[in-house]
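Open the model in your viewer and keep the selection tool at hand. Each stop below says what to pick and what is there.

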Amino acid sequence: MDISQVLFYALSAMALGSAIMVVISRNPVHSVLWLIITFFAISGHYILLNAQFLGIVNLIVYAGAIMVLFLFVIMLMNLNAETEPQKNKWLKLAGVVAGGCLLLVLVAALKQAEVKGKVAMLGTGDIGLIKNLGHALFTDYVVPFELSSILFLSAMVGAVVIGKK
Amino acid sequence: MHSALLAIDLFFVIEKLVLIVAIVSISLVIAMYETYAERKVAAFIQDRRGPNRAGPFGLLQPLADGVKLFMKEEIIPNTSNRFLFILGPCLAMLAAMMTSAVVPWGGTIDFFGRQVNLQIADINIGILYVFGVVSMGVYGIMIGGWASNNKFSLMAALRGASQVISYELPMGLSLIALLMLTGSLKMSEIVAQQIDGWYNVLYQPLGFFIFLVCAFAECNRTPFDLPEAENELNFGYHQEYSSMKLGFYLFAEYINMFISSVIMATLFFGGYDIPFVNDASLSGLGNWLALLQGLSLIIKVCIFIFVFMWVRWTIPRFRYDQLMNLGWKTLIPLALVNMVVTAAIVLLKSNGWKF
């Protein structure tokens, strides 16, 4: 077992553990903070895969910006355990059924995806380095790249329009 | 397993540990004397004497302040969220200290035949790393403000966070123009290019100006110190804090100021390059050259820190809507124009000035 393997297992344990804590912690602010730790662990995985750009952008965009907005909303809503309304019994039942259906679908889908013998390349391959990534995005994938930027632009315009109302 | 685990280059680890300890202690000492310098500059501008009782010229004043902060009673409000209340200042301090990892502090030192690079991590996404850490800095303010369970603190935390997020955008846009010129995100590479050629500020004066304004806002310094506007919010997001936890928040601000000065000096003013001197001709000095270079970086940084203080004691605080208008309606369009013009020139240049 070399260092990258040790790191891989540590990061995986961290990601899974904090993801579970997101779901089970009572305080929504704690959930958000656990989710941030999850993002850190996932960024660590990206760096192990030599995708440094993806790793750091994951931190800047998700942990740095989107989670701050989540925190904004949750802090302003002031969700305390006492004031939180009790969930409807039927809602809980529906949740259990929906979760079970999702589990079935996942089992059916994952049964096909055999990953034996396919090992992720740790620390090799340089497509994740920023120079190669930029080159690939602006030559081979330039049309999807531009299309997605238009999508973002339209989302921004939409947000401004809604905000003006 | 054990043999593989021990295959770590032990000297590498020791070298980096020594570097980290050295850089962290330098940042802390500089931040300490920034508090002294701030009061002296304020006194100078307001025609007073400033601290002059503790030690010669009041030079021991920061130590006295530190002792005072440590001696104060530690208060944790009953209704606060205890864990997050303590986590807040820790995060603020951590995020402030982490940025210095990618800054090149000087050339290489020859240490008993081992070439030691005066940079903790020379990663090829250096600037993005800085941005990542800066965006983490918001959490210290937000968590501290929320955990205090105080309306003023919460309001101040929200203000601070929205201010930092808003000003990250023009900061990033102004840097994109710079990166088009350098073609690299590596800090050491950017400095090396400036040592050979002109400083980046000559190519990107507008970009530098936007970056400077955004750095003021990111550090929550006057004229952008809305999160701690005393007349509106009592004391801002650290109102409930006392003792060294308050000290950490205040200290983190000074470290942030130091680090952002370092980043500005590195990106726009040639980093550790000694101005008006060809560094390569001094290579006979050996290790002293690296120290001289480090010294020249520190001098540049001190000039920037002075500018920070000068602005603080000259310009009054903005109103909140003025702050947001400046960020979104002035700086972002300016940065976009700067970016487009730079891109056009870079493209023209690479085409040999033909349309």
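Select the contact between the two chains: 17 residues come from chain A and 20 residues from chain B. Contact here is set by C-beta atoms, placed from the backbone, that lie within 7 Å of each other. On the side of chain A that touches chain B, helix α3 (residues 52-77) of chain A gives the most, with 11 residues. Helices are DSSP runs of H or I with at least four residues, strands are runs of E with at least two, and both are numbered from the N terminus. Colour that side of chain A by class: 14 nonpolar, 2 polar and 1 charged residues. Nonpolar covers Ala, Val, Leu, Ile, Met, Phe, Trp, Tyr, Cys and Pro; charged covers Asp, Glu, Lys and Arg; the others, Gly among them, are polar.

A word on the model: it is predicted, local features need pLDDT of at least 70, side-chain atom pairs count only at pLDDT 80 or more, and totals for chains, interfaces and linings use all residues. Residues are numbered from 1 along each chain as its sequence is written, while chains are lettered from A and ligands numbered from 1 in the order in which they are written.

Stay on chain A. Domain 1 is 1-80 + 95-127, and domain 2 is 129-165. These bounds come from an automatic or database domain assignment. Where do the domains touch? In chain A, 4 residues of domain 1 are in contact with 5 residues of domain 2. The domain 1 side of that contact has 2 nonpolar, 1 polar and 1 charged.

Next, select the spans that an unreviewed UniProt entry annotates as "transmembrane region" in chain A: 6-24, 31-49, 55-78, 90-110 and 141-162. Such annotations may be inferred rather than shown by experiment; positions use the numbering here, and feature names are shortened. Residues 31-49 of chain A are 95% helix and 0% strand, with end C-alpha atoms 27 Å apart. Residues 90-110 of chain A are 100% helix and 0% strand, and their end C-alpha atoms are 30 Å apart.

Residues 123-143 of chain B are 86% helix and 0% strand, with end C-alpha atoms 30 Å apart.

Last stop: show helix α6 (residues 151-182) and helix α13 (residues 320-350) of chain B, which pack at an angle of about 15 degrees with axes 8 Å apart. The residues of this α6(B) and α13(B) contact are 19 nonpolar, 6 polar and 1 charged.

Terms used: Axes are lines fitted to C-alpha atoms, for helices over the stretch in contact, and angles run from 0 to 180 degrees between N-to-C directions.
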